[in-house]
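This report looks at selected local features of a protein chain, taking the packing of a helix and then some backbone details. Please keep the sequence and the structure at hand while reading.

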Amino acid sequence: MAEPDPQRNFRSAYYEKVGFRGVEEKKSLEILLKDNPLDVEKLSTFSQRFPLPSMYRIHVWKVLLGILPPHSDSHTLVAGYRREQYLDILQALEVMRFVHSATPPTHVYLRMFQLESRTLPRRCDTTDPDEEDEDFLAVGRAMEEIADDPVDCYWLIKCFVNQFNNKFGDSIPHLPKSLEHYLSQEESRLLNHLKNIGALKQLPYNLWFRRCFAGCLPESSLQRVWDKVISGSCKILVFVAVEILLSYKIMLMGMNRPEGVVSFLCKIPQENTDAIVTKAIDLWHKYCGTPMHSV
């Protein structure tokens with residue numbers, strides 16, 4: 001077994017002390033991104049262990065979601081195909097008059113998604129979006145703030161939603177029970193209070209676990225959570241929810257009506273969310289461990 005490199009350990013400790021903890025991680029990611037083909041498992045493991053640098057986030061997400069293939073020399077060609085497909089679908093919807101120049105981008109993306117998944121309603125049946133559509137639109141509005149290019153934005157939304165539903169669809173109904181378990185470990189008094197006032201069953205689980213906090217957290221915090229979801233963990237959503245409850249424990253303990261609890265949690269203050277997500281990730285590592293594949 002190789003001996004630890006004391007110089008590297010000293011350097012890492014120094015970087016962390018002066019606030020540049022991500023310097024070495026960024027270098028490690030850059031090395032991974034030079035591989036051809038890219039090692040998707042190693043990229044997933046990196047994304048689980050560390051926050052992705054913003055300059056590489058969209059690119060890594062595309063690879064993890066299968067929008068771009070592992071072979072880097074094919075990226076330009078595949079990106080061209082993705083753009084052509086996007087324009088073809090958009091043109092088809094315009095010809096069918098499902099969308100027009102004034103249609104909000106997220107609604108355009110929804111119709112494109114429906115056309116590709118063969119769930120596009122007949123024009124005479126078009127009604128207000130159902131709950132599943134609203135989940136898609138919420139993710140879309142958040143992704144719009146993260147990805148500037150509309151082609152990238154559509155493919156990221158589509159593949160994020162598909163991956164999430166296919167990979168975690170069976171797990172989502174069990175996440176409220178997981179939240180209850182971990183909250184009992186961290187703050188049983190708060191859990192009992194939420195139970196006693198009838199708020200536990202009414203918590204905004206759909207916002208938290210089906211929209212993955214889109215519309216709840218600002219994008220600067222949200223994308224750090226989505227790093228973990230896209231790289232393979234829906235459990236992180238539970239720990240973000242737990243940490244939100246812990247962060248506002250005093251306020252929640254003072255509430256006696258479930259409607260007040262739900263109303264507050266649906267619109268939490270935005271200035272403290274980075275700290276909440278950092279603590280949630282620490283809590284997630286504490287209970288679930290850290291992937292140990294070599295990166």
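The sections below describe a helix and its surroundings, and then turn to the backbone in several loops.

## Basis

The model discussed here is predicted.

## The buried side of α15

Helix α15 spans residues 258-266, and within this helix P258, V261, V262, F264 and L265 are buried. These residues lie on the same side of α15, because they cover an arc of only 165° around the axis.

## A cis peptide bond

Most peptide bonds are trans, and most residues other than glycine have a negative phi. Against that background, the peptide bond leading from N36 to P37 is cis, with omega near 5°; P37 itself is placed in the loop that runs between α2 (22-32) and α3 (40-49).

## Positive phi in two loops

R118, although it is not a glycine, has a positive phi of about 60°, and this residue is found in the loop between α6 (105-116) and α7 (131-146). Is R118 buried or exposed? With a relative accessible area of 81%, R118 is exposed.

F213 is a residue other than glycine whose phi is likewise positive, with a value near 75°, and its position is in the loop between α11 and α12 (219-230). The relative accessibility of F213 is 0%, so this residue counts as buried, the cut-off for that class being under 20% relative accessible area.

Methods:
Residues numbered from 1 in each chain as written. Predicted model: local features only at pLDDT ≥ 70, side-chain atom pairs only at ≥ 80, totals over all residues. Heavy atoms only, no water. Buried < 20%, exposed > 50% of the residue type's maximum accessible area, 1.4 Å probe, protein only. Helix = DSSP H or I, 4+ residues; strand = E, 2+ residues; numbered from the N terminus. Arc of directions from axis to C-beta.
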